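Reader: I would like to understand how the descriptions of a protein model follow from its values. Could we go through them one at a time?

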Amino acid sequence: MSYYLEILSETSYQKFLSQIDYDSMPFEEINELFDEAVIYDTSFAYGAGSDRLLDIINEAEPYLDEFTKEFSYNVYRIRKCKLIETVDESDYPELQEKWAFAINDLQSVDDNEYLYLFID
């Protein structure tokens with residue numbers, strides 16, 4: 001078992017939200033648009049793996065909007081620069097190693113932009 005994480009940038013998330021219509025779109029279509037908006041996804045194994053996720057989540061703020069309420073998503077948001085700072089300042093090599101892949105995939109995102117961390 002593990003936690004699954006999907007990261008969207010503020011830009012990709014807002015674009016996604018502007019494309020959906022709760023009243024006329026089937027869930028499958030909304031889900032396809034969501035998948036297109038995801039910049040990075042990964043999983044964290046329960047136990048030690050979840051520590052690598054929780055160390056970041058503890059620095060993020062819980063986030064709730066109409067979409068996350070409608071579909072019961074567990075979401076946090078953190079600015080990209082804060083994510084990088086948290087990873088860089090960690091004394092936990094496994095955390096740095098795990099998050100290096102995500103940070104690499106987020107190079108096109110502005111440092112001050114929010115990242116939305118969807119956790120399942």
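Reader: What is the accessible surface of the protein, and which part of it belongs to carbon and sulfur atoms?

Author: This is a predicted model, and for it the accessible surface comes to about 6900 Å², of which carbon and sulfur atoms hold 43%.

Reader: Why is Leu 54 called partly exposed?

Author: Buried is a word kept for values under 20% and exposed for values over 50%; Leu 54 has a relative accessible area of 42%, so it is partly exposed.

Reader: What makes the radius of gyration agree with that of a compact globule?

Author: For 120 residues, a compact globule would have a radius near 14 Å, and because the protein has 14 Å, the two agree. Taken along the principal axes, the box filled by the C-alpha atoms is roughly 50 × 35 × 20 Å, and 42% of the 120 residues count as buried.

Reader: In what pattern do the helices and strands follow each other along the sequence?

Author: There are six helices and five strands, and their order, read along the sequence, is β-α-α-β-α-β-α-β-α-α-β. Among contacts with a separation of 6 or more, 79% come from residues 24 or more positions apart.

Definitions and conventions. Residues numbered from 1 in each chain as written. Predicted model: local features only at pLDDT ≥ 70, side-chain atom pairs only at ≥ 80, totals over all residues. Heavy atoms only, no water. Buried < 20%, exposed > 50% of the residue type's maximum accessible area, 1.4 Å probe, protein only. Helix = DSSP H or I, 4+ residues; strand = E, 2+ residues; numbered from the N terminus. Rg over C-alpha atoms; globule rule 2.2 N^0.38 Å. Contact = heavy atoms within 4.5 Å. Areas by Shrake-Rupley, 256 points an atom, 1.4 Å probe, with all protein chains shown as cover.
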